[in-house]
Amino acid sequence: MSDSAVRVGVLRQRHAAAIDAILARYPADQKRSAVMPLLYLAQHAYGYLTPAAIEEVAGLIDLSSTEVGSLVGFYTLYHDAPDGKVRMQVCTDLPCALRGAEDFARQVCANLGIRLGETTPDGAVTVEEVMCLAGCDKAPLFQVQDESGIHYRENQTVESALAWIDEVRRAHGRG
Amino acid sequence: MAAAEHVVLRHRDLPGLDRLETYLEHGGFETLRRVVREKSPDEVIEIVKASGLRGRGGAGFPTGVKWSFLTPDVFPRYVVVNADESEPGTFKDREIMERNPFQLLEGIALCAYAARARVAYIYCRGEFWDLAHALEARIAEARARGLLGPDLFGTDFSLEVFVHLGAGAYICGEETALLESLEGKLGQPRLRPPFPAAKGLYGMPTVVNNVETLANLPPILEHGAEWYRSIGTAESPGTKVFSLSGHVARPGNVELPFGTTFRTLIFEHGGGIPNGRNVKAILPAGASAPILAATDEVLDTPMAYEALPKVGSMLGSASIIVMDDSVDVAWVALKTTRFFKHESCGKCTPCREGTYWMLHVLERLHGRADGAGQVDLLQSVAKGIEGKCLCPLGEFAILPVLSGIERFRPDFAAHENGR
């Protein structure tokens with residue numbers, strides 16, 4: 001989606017039912033509570049949280065863009081920059097590290113010719129380290145953030161991860 | 001433990017319990033039906049108090065007592081379910097929500113009935129995206145069957161349950177930060193008192209309970225307080241879901257009575273230490289407790305809230321991270337400190353700056369530069385955080401570091417002397 005399509009009002013037009021359903025979960029005088037689900041909605045609609053998307057979310061719940069922007073900065077699952085189309089986020093916290101997650105992440109990156117935190121040259125996949133994902137007994141594992149949400153891939157090997165990345169990159173290449 | 005003794009992980013005895021039909025076939029929601037028809041909310045609170053159920057999120061505070069602190073006669077009240085499971089090494093709530101979701105929902109309803117609340121929010125960490133959506137579908141299913149929603153079981157008790165997704169912040173597991181986040185603010189802890197029971201969500205009386213705590217309620221109200229107290233120890237009644245991770249042959253969740261020893265958990269249920277190695281150290285509460293040297297005394301310590309302080313640690317969320325004798329405890333300190341530095345919310349200066357500097361010193365110790373004096377410096381920075389923060393995160397951050405230096409000094413000294 002081009003940036004010009006992302007302007008204030010679009011979210012409301014295209015996702016009116018979803019917005020109303022979100023607002024209905026909270027007391028009418030506590031609309032602010034809806035900010036997190038609305039940011040997810042906007043992020044999945046636009047790929048990442050553009051300034052216009054933040055402004056639109058703010059408008060829906062009578063907050064300022066600055067207030068909403070500070071939340072985007074505070075919580076790690078919101079993104080205000082495009083990066084790779086798919087984020088592969090490997091948990092390397094202590095319990096996973098004890099089961100080889102650091103080596104796993106290093107080898108995956110070495111095979112891709114990138115460093116942790118970088119994106120493949122085709123813009124398809126960004127590989128990152130993250131904090132504990134509550135899957136310590138199924139390490140190595142990573143979560144995938146893409147347009148459809150957040151999904152876990154557990155009990156991984158370097159081979160299984162690379163095979164999955166290949167698939168993602170092929171799909172990305174097909175546009 | 002015989003399979004029949006599962007109290008919380010009952011899906012392991014009863015396959016398919018995550019389907020509503022199966023849950024109902026095994027008597028699901030019968031306890032809720034009986035309770036809302038036959039007992040008053042105060043009677044429920046008394047039974048839960050008598051059972052001795054303690055909060056499973058880490059603090060171990062008696063659940064019924066927590067409920068009894070709700071400010072009288074102030075409404076609306078809220079129930080908030082802490083499903084922000086983010087402690088390194090903890091993955092028990094996830095299994096409960098995925099595999100035994102209706103027992104959790106029945107527990108939430110029992111809690112809401114006791115608290116006289118009509119709305120409950122399940123605050124689920126954002127990473128549990130798929131799980132949260134599955135849970136929403138199960139709530140809708142239960143509601144369609146008249147097990148949640150308006151006028152339950154022909155009474156005037158109504159309950160709506162909503163899932164609220166977090167967005168990646170460990171601090172939101174702290175109950176007041178969680179409430180701030182649910183209100184659409186930065187997830188930063190509040191000054192206490194007032195506690196949530198007086199001023200919680202939207203300033204109203206609120207019960208905040210962990211997933212595992214609430215999943216204990218249907219069996220307690222079905223079988224009674226006396227039955228519950230027949231399991232576990234006098235001060236820690238019932239069972240606990242222990243998340244076992246690290247250097248064990250079979251990591252995973254194991255539900256056992258409180259009072260089971262580390263040795264039984266690690267060697268009987270976890271299959272022991274792989275690769276012919278020996279156990280060196282144990283973190284009994286994820287990253288948030290002092291690290292223990294795995295001596296015979298420690299291995300034979302019963303895992304109960306009252307027993308762990310006697311050997312110099314805490315049970316917390318009972319996330320048992322096992323480390324073999326190949327592990328360098330200075331590296332463990334680096335890992336836990338990196339976690340807490342990343343997760344410090346930045347509100348209190350000693351935590352924000354202290355975790356930053358602890359990590360800096362630990363990285364220096366692990367780097368090529370001369371490490372002389374760095375261990376003492378690390379201790380001094382850690383002690384500068386102690387007792388100076390609003391919430392326990394800063395306190396947690398220093399526990400594995402100070403205990404690590406105290407109990408595994410040679411591991412740290414080796415780095416000081418040029419690795």
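Predicted model: local features only at pLDDT ≥ 70, side-chain atom pairs only at ≥ 80, totals over all residues.

Q: OK. How many helices and strands are there in chain A?

A: Chain A has 8 helices and 4 strands.

Q: And in what order do the elements of chain A run from the N terminus on?

A: The order is α-α-α-α-α-β-α-α-β-β-β-α.

Q: What does the C-alpha trace of chain A span along its principal axes?

A: About 50 × 35 × 25 Å. Of the 175 residues in chain A, 41% are buried.

Q: Which domains is chain A divided into?

A: Domain 1 covers 3-74, and domain 2 covers 86-173. Their C-alpha centres lie 29 Å apart.

Q: Let's pick a residue. Where is A:Arg115 found?

A: A:Arg115 sits in a loop of chain A, between helix 7 (101-112) and strand 2 (125-130).

Q: Is A:Arg115 buried or exposed?

A: Exposed. A:Arg115 has 10 C-beta neighbours inside 10 Å, and a residue with 12 or fewer counts as exposed.

Q: Switching topic. How many residues of chain A are in contact with chain B?

A: 33 residues of chain A touch 38 residues of chain B.

Q: Which helix gives the most to that side of chain A?

A: Helix 3 of chain A, with 4 residues. The elements giving two or more residues are helix 3 (35-46), helix 5 (65-74), helix 6 (94-97) and strand 4 (149-153) of chain A.

Q: How do the residues on that side of chain A divide into nonpolar, polar and charged?

A: There are 21 nonpolar, 8 polar and 4 charged residues on the side of chain A that touches chain B.

Q: Now the core. How many residues has the largest nonpolar core?

A: It has 186 residues. Those with the most contacts inside it are B:Val79, B:Val80, B:Val81 and B:Ile108. Helix 6 (residues 101-115) of chain B gives the largest share, 11 residues.

Q: What does B:Val79 touch?

A: Leaving out residues up to four places away in sequence, B:Val79 touches B:Ile108, B:Cys111, B:Ala112, B:Ala115, B:Ala117, B:Ala120 and B:Val207.

Q: Back to helix 6 of chain B. At what angle do its axis and that of helix 2 of chain B cross?

A: Roughly 10 degrees, and the axes come within 9 Å. Angles under 35 degrees count as roughly parallel, so helix 2 and helix 6 of chain B are roughly parallel to each other.

Q: Which residues make the contact?

A: Helix 2 of chain B uses B:Thr31, B:Leu32, B:Val35 and B:Val36, while helix 6 of chain B uses B:Glu106, B:Ala109, B:Leu110 and B:Tyr113. By class, that is 6 nonpolar, 1 polar and 1 charged.

Q: What about phi of B:Ala318?

A: Phi is near 60 degrees, a positive value in a residue other than glycine. B:Ala318 counts as buried, with 29 C-beta neighbours inside 10 Å.

Notes. Residues numbered from 1 in each chain as written. Chains lettered and ligands numbered in written order. Core = buried A, V, L, I, M, F, W, Y, C linked by C-beta atoms within 7 Å. Buried ≥ 20, exposed ≤ 12 C-beta atoms within 10 Å, placed from the backbone. Contact = placed C-beta atoms within 7 Å. Nonpolar A, V, L, I, M, F, W, Y, C, P; charged D, E, K, R; others polar. Axes fitted to C-alpha atoms, helices over the stretch in contact; angles between N-to-C directions. Parallel < 35°, antiparallel > 145°, perpendicular 65-115°, else oblique. Domains from an automatic or database assignment.
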